[in-house]
Amino acid sequence: MTHPDASAAAPLVLGIETSCDETGVGIVRGTTLLSNTIASSMEEHARYGGVVPEVAARAHLEALEPTLRTAVEDAGIRLADVDAIAVTSGPGLSGALMVGVGAAKALAVSLGKPLYAVNHLVGHVGADLLDAAGGPGHPVELPTIALLVSGGHTSLLLVRDLVSDVRLLGETIDDAAGEAFDKVARVLGLPYPGGPQIDRVAADGDPKAIRFPRGLTKPKDLEQHRYDFSFSGLKTAVARWVEQRQDAGEEVPVADVAASFREAVADVLITKALAACRDFDVPRLLLGGGVVANARVRQLAIARAAEAGVALRIPALSLCTDNGAMIAALGAQLIMAGHGPSELTFSADSTLPVTDIQVTR
């Protein structure tokens, strides 16, 4: 279950998120969002066409202190006022995670506050507790199926209890959806990051122009990978289609390719998510992660969920991308559920399983 605010006595929690290329610091009181500050190093990675772990870690080191100061100022509090610190301990890029974990431990020790090491993916589910405008939050309706889609993750979860019962149903077996967007954008000569660029170009294209493959959707694949995803074959199919046109000296219809690729990704994501809702008799679906910013993913989710009689929740975009507020919100839920803090011996875990909602040692 999720634990709503009882009063102004709800815990004041500062959350730190550094799992990839965004340095996020958020402050919440229970489920009320006080500040959500994000510093992105995306521009530094653009020259390489993707996230470089060493560059990300260095950017976190540089951005963390000013991001922290801004978050505290925006929240109108002092650091000493917080009741607890929460930090992403995994999954993510090892070096990037270490920066956030180290900073969180230093803050906890210097302030004499309890520290909660939490799971990044479950944090995305916790984002739905918050109102991006700063109003009072609301409980996450449970159980729910959660589809988390970002540059590094494509995961399908069954969430029965936010702080004690999260099950991984399936995940990508190769490229995450966000990675596929980046790679296809490169094939089409579009800049990094690929998601927004393909979304922009696809608006003028025909999503039915080219029937690109839908990975792991054939009957034989569904037997073993009913809730898993694969985008590597789709990425390769797009590259080969474009190469064939170029080799034949024909113009590549970039808008149609982008729209058809985007349709294939959205189709697979929503089809598998709603299949999980049906199979587990859960009439709720929650979307999270940066790829939720994709217009077609949202459109298809809204239309198909309505057809299936499934209630759809999509947090505000500022809470879908990696952020510290969702980590703080999950930390607050753990506190209100009576969970004790993590020991300072825990470390960053790049492959932390989603079933480990909190790392205690």
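**Labels and their grounds**

Colleague: In strand 3, which residue is the bridge partner of Gly26?

Modeller: Asn36 is the partner of Gly26 in strand 3. This is a predicted model, with local features needing pLDDT of at least 70 and side-chain atom pairs pLDDT 80 or more, while totals for chains, interfaces and linings use all residues. Residues are numbered from 1 along each chain as its sequence is written, and side-chain values use heavy atoms, without hydrogens and water.

Colleague: What makes strand 2 and strand 3 a pair?

Modeller: Pairing takes at least two bridges found by DSSP. Strand 2 and strand 3 have eight, in the antiparallel sense, so they pair. Helices (H or I, at least four residues) and strands (E, at least two) are DSSP runs, numbered from the N terminus. The two strands also form a hairpin, with two residues between them. Gly30, in the turn, has a positive phi of about 70°.

Colleague: How do you know that strand 4 and strand 5 pair?

Modeller: Five bridges join strand 4 (84-90) and strand 5 (115-119), in the parallel sense. Gly90 has Asn119 as its bridge partner in strand 5.

Colleague: What is the order of the six strands in their open sheet?

Modeller: The order is 3-2-1-4-5-11, with mixed pairing. Strand 3 (32-40) and strand 11 (358-359) pair on one side only, as edge strands.

Colleague: Which strands does helix 2 lie across?

Modeller: Helix 2 (53-75) lies across strand 1 (12-17), strand 2 (22-29) and strand 3. Contact means heavy atoms within 4.5 Å. Helix 2 runs at about 25° to strand 2. Axes are lines fitted to C-alpha atoms, for helices over the stretch in contact, and angles run from 0 to 180 degrees between N-to-C directions. Helix 12 (324-336) runs at about 135° to strand 1. The strands that helix 12 lies across include strand 4, strand 5 and strand 11.

Colleague: Which are the strands of the five-strand open sheet, in order?

Modeller: The order is 8-7-6-9-10, again with mixed pairing. Its edges are strand 8 (165-171) and strand 10 (311-313). From one strand to the next, the twist averages 25°. Helix 9 (254-279) packs on this sheet, at about 160° to strand 6 (144-149).

Colleague: How do you know that strand 7 and strand 8 pair?

Modeller: Six bridges join them, and they run antiparallel, so the two-bridge test is passed. Leu158 is bridged to Arg167 of strand 8.

Colleague: Why is the largest pocket called a pocket?

Modeller: Because a pocket is an open set of points on a 1 Å grid over the protein atoms alone, with protein on both sides within 12 Å along at least five of seven lines. Its volume is about 1,200 Å³, the space filled by probe spheres set on the points; the probe is 1.4 Å.

Colleague: What makes a residue part of its lining?

Modeller: An atom within 4 Å of a point. Helix 5 (177-187) supplies the largest share, six residues.

Colleague: Which residues does UniProt list as "binding site"?

Modeller: The unreviewed entry lists Leu148, Val149, Ser150, Gly151, Gly152, Asp182, Gly195, Asp199 and Asn294. Among them, Ser150, Asp182 and Asn294 belong to the lining of the largest pocket. Leu148 sits in strand 6. Such annotations may be inferred rather than shown by experiment.
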